[in-house]
Amino acid sequence: MSLVSEIDYGTPRSRSEIAVTLTIDGHAVTVPEGTSIMRAAMEMGTQVPKLCATDMVEAFGSCRLCLVEIEGRAGTPASCTTPVAAGMIVRTQTDRLKRLRKGVMELYISDHPLDCLTCAANGDCELQDMAGAVGLRDVRYGYDGGKHPNPGKDESNPYFTYDPSKCIVCSRCVRACEEVQGTFALTIAGRGFESVVSPGMEELFLASDCVSCGACVQACPTATLTEKSVIEIGQPEHSVVTTCAYCGVGCSFKAEMRGDEVVRMVPYKDGKANRGHSCVKGRFAWGYATHRERILKPMIREKITDPWREVSWEEAIARTASEFKRIQEQYGRRSIGGITSSRCTNEETFLVQKLIRGGFGNNNVDTCARVCHSPTGYGLSTAFGTSAGTQDFDSVEQSDVVVLIGANPTDAHPVFASRMKKRLRQGARLIVIDPRRIDLVRTPHAEAAYHLPLLPGTNVAVLTALAHVVVTEGLVNEAFVRERCDWDEFQDWAAFVSEPRNSPEAVAKISGVPSDTIRAAARLYATGGNGAIYYGLGVTEHSQGSTTVMAIANLAMATGNIGRRGVGVNPLRGQNNVQGACDMGSFPHELSGYRHISGEATRAMFEALWGVSLDKEPGLRIPNMLDAAVDGSFRGVYIQGEDILQSDPDTKHVAAGLAAMECVVVQDLFLNETAHYAHIFLPGSTFLEKDGTFTNAERRIQRVRKVMQSKSGKADWEITLDIAKAMGFAMHYDHPAQIMDEIAGLTPTFAGVSYDRLDQLGSIQWPCNEKAPAGTPVMHMNGFVRGKGKFVVTEYVATDERTGPRFPLLLTTGRILSQYNVGAQTRRTANVVWHEEDRLEMHPHDAEQRGIREGDWVKLASRAGETALRALITDRVAPGVIYTTFHHPETQANVITTDYSDWATNCPEYKVTAVQVTPSNGPTVWQEQYDELARRSRRVAPATAAAE
Ligand code: SF4
Ligand code: SF4
Ligand code: SF4
Ligand code: FES
């Protein structure tokens with residue numbers, strides 16, 4: 001095994017379609033117009049020495065090392081900043097150039113400490129490489145680097161150090177922060193020999209605006225910015241390309257290793273979702289994989305009040321199967337079920353639903369998409385015929401207007417946010433529809449054209465008002481609608497949205513958004529060129545989540561903003577494989593590829609291959625499983641990689657449901673919150689230990705490759721296989737590739753997918769079949785999957801969750817950049833320095849009215865329950881609206897959320913809860929009782945612990 005090396009072409013690729021031919025060192029080379037001479041030379045295999053250039057950022061031309069000679073031109077221009085021209089004749093190696101380059105390198109080396117042997121970058125330093133490349137043998141000006149500014153090391157960031165003594169002031173870091181990440185946290189302070197890289201106003205990295213994405217570290221050619229893991233472990237010796245297991249962006253990484261130890265994660269430039277960029281979680285927060293709290297041995301216990309007992313895999317699997325069989329004999333076939341994981345691979349998820357349908361003999365399977373994007377499935381299938389986003393991420397580069405609804409990409413989908421910010425800096429306009437003033441409303445060098453700070457729960461009203469403007473002001477793209485959509489349904493819809501009750505003026509009273517802002521935003525989206533809509537859980541997690549998705553689809557169809565690059569309707573999916581979990585048939589009514597379980601022909605196909613007959617009745621959704629558990633008819637559940645106690649609404653009801661069951665089997669990395677109610681714990685594997693695939697928010701299927709051996713001795717798919725076998729439903733696979741072959745054979749949209757094909761193409765966006773052998777970057781290009789696009793009348797129905805004298809404030813929830821979801825992984829990394837606890841954001845007006853100051857403990861109460869946390873006073877939220885994250889179990893944020901849910905899919909209404917906030921002294925009684933339960937349920941019997 002060796003390190004996967006990627007060529008650095010020095011300057012970014014030109015997108016021009018005009019070809020230019022020139023001659024470099026006697027060889028003809030043809031490249032797109034706008035390409036630099038440096039890149040053209042690299043493309044034909046000639047490396048021009050360089051220091052300040054790297055292909056992730058635009059050329060800067062400061063180091064003067066890349067000089068070339070061009071016939072007919074005076075001087076020696078820098079090849080990184082000089083574009084090619086037709087017929088140009090370039091020489092990269094002449095005596096004059098050699099002399100000049102040596103002179104440049106002499107200056108650099110005379111100003112650089114010569115501690116190469118003990119330097120962390122030894123073996124991975126471009127300064128070293130260039131000294132060798134230009135043949136530097138002597139330095140006339142000495143080596144002491146006496147004039148070099150050295151304000152001292154900055155070790156404040158938990159993941160990387162900044163050692164200014166090694167800086168060559170090439171500005172690559174500054175440009176990476178600006179151009180790739182879009183944060184503008186770095187500057188070059190001082191002049192001449194005094195020049196030094198400075199985070200913010202000469203602050204420490206940790207105190208600056210830096211979001212720790214690591215782009216600067218990756219760009220740095222020396223050891224100035226270096227990962228602490230490299231300093232500690234040394235240079236990696238081999239690498240494996242794999243996919244991030246945090247969010248739905250699906251960044252591709254090279255896991256760079258020494259033996260079985262990860263040295264660092266380096267974003268892969270060939271990764272089509274991230275194009276070489278990453279966020280703090282994917283690049284740095286992988287330490288949880290070896291965290292001491294990982295459970296590596298199976299454990300069982302009779303009652304949830306007993307301590308755990310470590311057992312062999314055989315005993316744990318046998319107990320799982322015998323308990324499930326006993327329950328089914330006693331309470332019937334439908335008395336057990338399972339929950340698949342959006343953190344696990346497609347193959348693992350497919351197997352869990354296969355076990356449930358084939359082995360348990362029912363369709364009681366559901367997944368966490370139930371609590372996040374199930375309305376996307378319903379809404380987009382209804383409107384377009386497919387349950388997925390329409391574009392690839394690259395598409396945003398061709399958008400002129402971006403509408404962002406109920407999403408906060410800089411925190412939740414950071415790498416896509418960086419690409420979006422770049423497009424905004426290039427001039428695209430932005431409309432933000434969100435109760436909070438999210439960061440994108442104002443970022444460095446870009447500002448939203450309109451922010452519609454609507455009251456939580458009024459999405460449908462506002463979207464319908466936008467449609468009202470489009471229809472009544474004659475902004476409909478009639479040609480598109482006539483050709484691509486059902487015209488009769490359009491007319492019904494147009495008549496509905498045109499009603500005065502749907503006008504911006506009427507909706508302003510409901511939503512709190514001024515009517516002229518709604519009108520202006522609608523005009524901009526309809527007439528501003530390519531309009532693309534991106535949305536998140538602020539759309540779906542409402543009682544009208546599915547209606548909102550359909551309202552978005554209506555707007556896109558009415559304006560013709562669908563079916564080409566730069567436009568579209570795009571759910572920003574939360575978890576790394578939530579798209580895949582849905583695709584794989586994790587819902588109780590659907591087999592893989594979103595085919596209803598009642599379809600005879602589809603069922604017959606699965607039955608023939610699996611050798612069992614399948615139940616044609618849809619099974620229970622997660623909330624129904626919990627209700628049925630409380631009622632006594634649902635007695636056992638297999639939960640793979642999902643922490644429903646922390647992530648699902650109305651915690652007390654979830655706890656009651658779990659407590660009522662006779663056998664709860666949890667398969668996970670850590671004893672999560674749900675495991676407090678488990679009888680059997682099966683240790684799971686991290687993504688670093690897995691082979692398989694994830695599917696990201698763009699429908700992109702990407703390989704997850706094993707970089708280290710499974711720490712528990714079994715892969716997650718093998719555990720499911722063992723349970724199935726023990727239950728008498730044998731499945732046979734030697735490798736996840738065979739599971740994918742089965743998926744492809746049974747699922748038309750995956751027909752062309754295989755591991756060989758993925759290795760060949762890098763990644764594939766489904767549908768991938770005979771018609772689209774390389775996949776489908778943009779959907780609905782020549783017609784909707786369902787035929788004609790469907791307009792649906794979206795009547796606004798106010799949620800039953802209302803504010804009143806008892807609960808006068810509206811609580812909405814979300815995420816923060818450094819933490820991920822229930823925090824099980826990120827809380828076990830150094831990311832806690834940025835978010836040690838969940839805080840309650842309140843507007844200063846609401847805080848003052850209640851006598852609450854910054855940092856005070858407050859009690860947060862709804863009709864479902866109460867919890868306590870500390871206050872953060874900010875005007876990011878409007879008066880009357882409060883906000884919190886839910887990354888820490890101690891917060892118990894979901895004790896507050898109610899059992900209201902989307903009318904079509906049961907997706908919980910997390911985003912609207914009427915609450916009251918009052919001063920408090922500390923945690924509530926429930927939080928204290930819960931802490932005690934958690935402490936008790938983590939006990940492992942001393943005898944087995946000692947036997948370890
Ligand atoms: S880590 Fe990212 S945000 Fe921080 S300074 Fe470097 S490039 Fe900028
Ligand atoms: S820190 Fe690294 S990338 Fe930044 S200017 Fe110094 S040497 Fe160049
Ligand atoms: S968390 Fe998301 S944005 Fe960050 S590196 Fe992973 S996939 Fe990329
Ligand atoms: S690489 Fe061209 S001037 Fe530095």
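1. Which residues are buried in helix 12? They are Pro414, Val415, Phe416, Ala417, Ser418, Arg419, Met420, Lys421, Arg423 and Leu424. Buried means under 20% relative accessible area (1.4 Å probe, protein chains only).

2. A note on basis. This is a predicted model: local features need pLDDT of at least 70, side-chain atom pairs count only at pLDDT 80 or more, and totals for chains, interfaces and linings use all residues. Residues are numbered from 1 along each chain as its sequence is written, and side-chain values use heavy atoms, without hydrogens and water.

3. Ten of the twelve residues of helix 12 are buried, so this helix is largely enclosed by the rest of the structure. Helix 12 reaches 16 Å from first C-alpha to last, close to the 16 Å expected at 1.5 Å a residue (1.5 Å times one less than the number of residues). Just after helix 12, Gly427 has a positive phi of about 125°.

4. Helix 12 (414-425) and helix 7 (280-284) each supply at least two residues of the shell around ligand 3. Helices are DSSP runs (H or I, at least four residues), numbered from the N terminus. Among the residues surrounding ligand 3 are Cys244, Cys247, Lys281, Pro414 and Val415.

5. The largest nonpolar core has 69 residues, and Leu225, Leu404 and Tyr534 have the most contacts inside it. Helix 12 gives the most to this core, with four residues. Such a core is a set of buried Ala, Val, Leu, Ile, Met, Phe, Trp, Tyr and Cys residues joined through side-chain atoms within 4.5 Å.

6. Leu404 touches (heavy atoms within 4.5 Å) residues including Met420, Leu430, Tyr534 and Leu572, not counting residues up to four places away in sequence.

Technical notes. Chains are lettered from A and ligands numbered from 1 in the order in which they are written. A residue is near a molecule or strand if one of its heavy atoms lies within 4 Å of it. Buried means under 20% relative accessible area, exposed over 50%, partly exposed in between (1.4 Å probe, protein chains only).
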